[in-house]
Amino acid sequence: MSATHRLTAPTPGWTATTDVVVVGSGVAGLTVALNVRKAGLRAMVVTKAMLDEGSTRWAQGGIAAALGEGDTPEQHLDDTLVAGAGVCDEEAVRTLVTEGPDAVRRLIATGALFDRGEDGEILLTREGGHHRRRIAHAGGDATGAEISRALVSAVRTDPDIELIEHALVLDLLTDAAGHAAGLTLHVMGEGQRDGVGAVRARAVVLATGGMGQVFSATTNPAVSTGDGVALALRAGAAVTDLEFVQFHPTVLWLGPDAEGQQPLVSEAVRGEGAHLVDADGVRFMLGQHELAELAPRDIVAKAITRRMQEQGAEHMFLDGRHFGAEMWEHRFPTILASCRAHGIDPVTAPIPVAPAAHYASGGIRTDARGRTSVPGLYACGEVACTGVHGANRLASNSLLEGLVFAERIAADLAGRHAAGDLPERTVDVAAARAALPVPLPPSEARAEVQRLMSRGAGVLRSAASMADAAAGLALLAEQARHHVAEEKPADPRVETWEAANLLLVATALVAAAAQREETRGCHWREDFPERDDAHWRRHLITTLAASGDPVSTPEEQ
Ligand SMILES: Cc1cc2nc3c(=O)[nH]c(=O)nc-3n(C[C@H](O)[C@H](O)[C@H](O)COP(=O)(O)OP(=O)(O)OC[C@H]3O[C@@H](n4cnc5c(N)ncnc54)[C@H](O)[C@@H]3O)c2cc1C
């Protein structure tokens, strides 16, 4: 199937060719690139900003794997299924937890340095929803930065991995048979490749990370605008579970008007014994869940939100004063520094915290080999929905998912290459031209999308709140169409392309969230407070209709 829609953009002015083009340079994208190279395929990594600017380098807590004495993949599986609230794909979870420990060992062999005890063993901590210490960490609370450093250094030393930074990927290109054959992109900057171009490839891998920027307050960096999901929808691929957005319970509260990326206070701080308290110092998680502050994230985020509502408060507090200065400095240097930079000293004062958008459990639907519903288009990492997270991701399973399924994609591509099933592709130029150009909203639409989404589709959702959000989003799309009809279209440029992607992803997310009339995992409906297994123990599959509107259909039970 060829793309029915594309972003409005100039005709490509240059063309490059590779074997496998990978979009995104976080843990998922770089792992694919390194592994397809081992199979003798050329790889090109295209990334929107610098190589290390995705969510990966921000990860604090660590990476979960059954590495500790007495721990087993089976126990990791159980904890993951509980957090996923009945809609995990158990086979995908089994793959994650059984292949996870060796994937982490291979990451270490690539050069990532994890924290170790005096005996040389990897130190493991606990996070919410885990019944065991199984989170490996690096640099105390700088795990993602270390993983990113190691992977970036490995790709930089491989001359057969071509790296294109500051390049925004726009849309998929296919051949006459509908197989992925490359993509269009816009390179920002000067040099041989500048402006809109095309990359021809035998296969395309999307590893574009999350979509936290559809909300006003998020832990995600500015690049997390859901581009991969939007591209996949336009390309005719199925996406799923978009309604399951995880709101991290403890994000540093920076005031009522704070927008964009906000500093995270990792769950590992609670794992090491910090308490959640209200302004009176009451530990309100006690009695709410057997794991108290270490209950799964959705439970903690809901409890904080409820307490904030009951007390008319804008935030709660995380109290880790009893750690003392030395522990803060050695175990949580990043969090300590970011709190102090905002005028809060966790050694002497409780930290003001509130929930913010953190992780997209849903994404582009893939099978166990990372294949999407479009032949030759693969997806892995946060942009994908392999089925491992269900309705709620278990803490520190995402870096692991990025690693494990990236390796699986590389293995699939290697197998296809060896079997002669990965030939060069010829782009179907007529089909690319026939795709309808999406009217671009002005760049200011980004902030409006974020406001609408935080108000209508945040931690608390109802039919009424989502109808408001949907109406606001529809108006933005209508205004963009109107400007085109009036011959005053927004300029095609990075800001307007990102705004178009945010608008599409937000519209799809609200459509799915409005349809799911139950509360499950991190999807919390005030008007449907119960989990409804009879009707909703299944996925909603979203695709783009010919009109360009996303349509969600419940999967057969
Ligand atoms: C603050 C924070 C803390 C976290 N802590 C943990 C943790 O402790 N443990 C854990 O397991 N997970 C954690 N997570 C989640 C985890 O970091 C992410 O899910 C994971 O790193 C995603 O990796 P990725 O490779 O899929 O995407 P990313 O690392 O986000 O990389 C995406 C890449 O795609 C690029 N890109 C996006 N759109 C385009 C486009 N149109 N064209 C070209 N390039 C594009 C970006 O520039 C970037 O390079 C945390 C996340 C955050 C934000």
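## Basis for the helix angles

The structure described here is a predicted model.

## Helices α5 and α14

Helix α5 covers residues 227-234 and helix α14 covers residues 494-515; their axes cross at roughly 80° and come within 9 Å. The two helices, α5 and α14, are therefore roughly perpendicular to each other. On the α5 side, the contact is formed by D227, V229, A230, L233 and R234. Helix α14 contributes N501, L504, V505 and A508. By residue class, the contact of α5 with α14 consists of 6 nonpolar, 1 polar and 2 charged residues.

## Helices α2 and α3

A further helix pair is formed by α2 (residues 73-83) and α3 (residues 90-110), whose axes come within 9 Å and cross at roughly 135°. Angles over 145 degrees count as roughly antiparallel, and α2 and α3 are therefore oblique to each other. Their crossing is right-handed.

From α2, the residues in this contact are P73, E74, H76, L77, T80 and L81. From α3, they are E90, V93, R94, V97 and T98. The contact of α2 with α3 comprises 5 nonpolar, 3 polar and 3 charged residues.

## Overall architecture

The protein contains 15 helices and 25 strands. Its radius of gyration is 22 Å, close to the 24 Å that the globule rule gives for 557 residues, so the protein is as compact as a globular protein of that length. Taken along the principal axes, the C-alpha atoms occupy a box of roughly 65 × 55 × 50 Å.

Of the 557 residues, 59% count as buried. Among contacts between residues at least 6 apart in sequence, 72% join residues at least 24 apart.

## The loop between β17 and α7

Both M285 and A292 belong to the loop that runs between β17 (275-277) and α7 (297-311). M285 is buried, with a relative accessibility of 0%. Leaving out residues up to four places away in sequence, M285 touches L276, A292, E293, A295, I299, V300 and A303. The C-alpha atom of M285 is separated by 26 Å from that of V87, which is 198 residues away along the chain.

A292, one of the residues that M285 touches, is not a glycine, yet has a positive phi of about 50°. With a relative accessible area of 10%, A292 is buried.

## Two further buried loop residues

D241 also has a positive phi, of about 60°, although this residue is not a glycine. It is placed in the loop between β14 (239-240) and β15 (245-252). The relative accessible area of D241 is 1%, and the residue is buried.

H137 is located in the loop between β7 (135-136) and α4 (143-156). Its relative accessibility is 4%, so H137 counts as buried. When neighbours within four places in sequence are set aside, H137 is in contact with G61, G62, F114, D115, L123, L124, T125, T143 and R331.

Definitions and conventions. Residues numbered from 1 in each chain as written. Predicted model: local features only at pLDDT ≥ 70, side-chain atom pairs only at ≥ 80, totals over all residues. Heavy atoms only, no water. Axes fitted to C-alpha atoms, helices over the stretch in contact; angles between N-to-C directions. Helix = DSSP H or I, 4+ residues; strand = E, 2+ residues; numbered from the N terminus. Parallel < 35°, antiparallel > 145°, perpendicular 65-115°, else oblique. Left-handed = near helix turned anticlockwise from the far one by under 90°. Contact = heavy atoms within 4.5 Å. Nonpolar A, V, L, I, M, F, W, Y, C, P; charged D, E, K, R; others polar. Rg over C-alpha atoms; globule rule 2.2 N^0.38 Å. Buried < 20%, exposed > 50% of the residue type's maximum accessible area, 1.4 Å probe, protein only.
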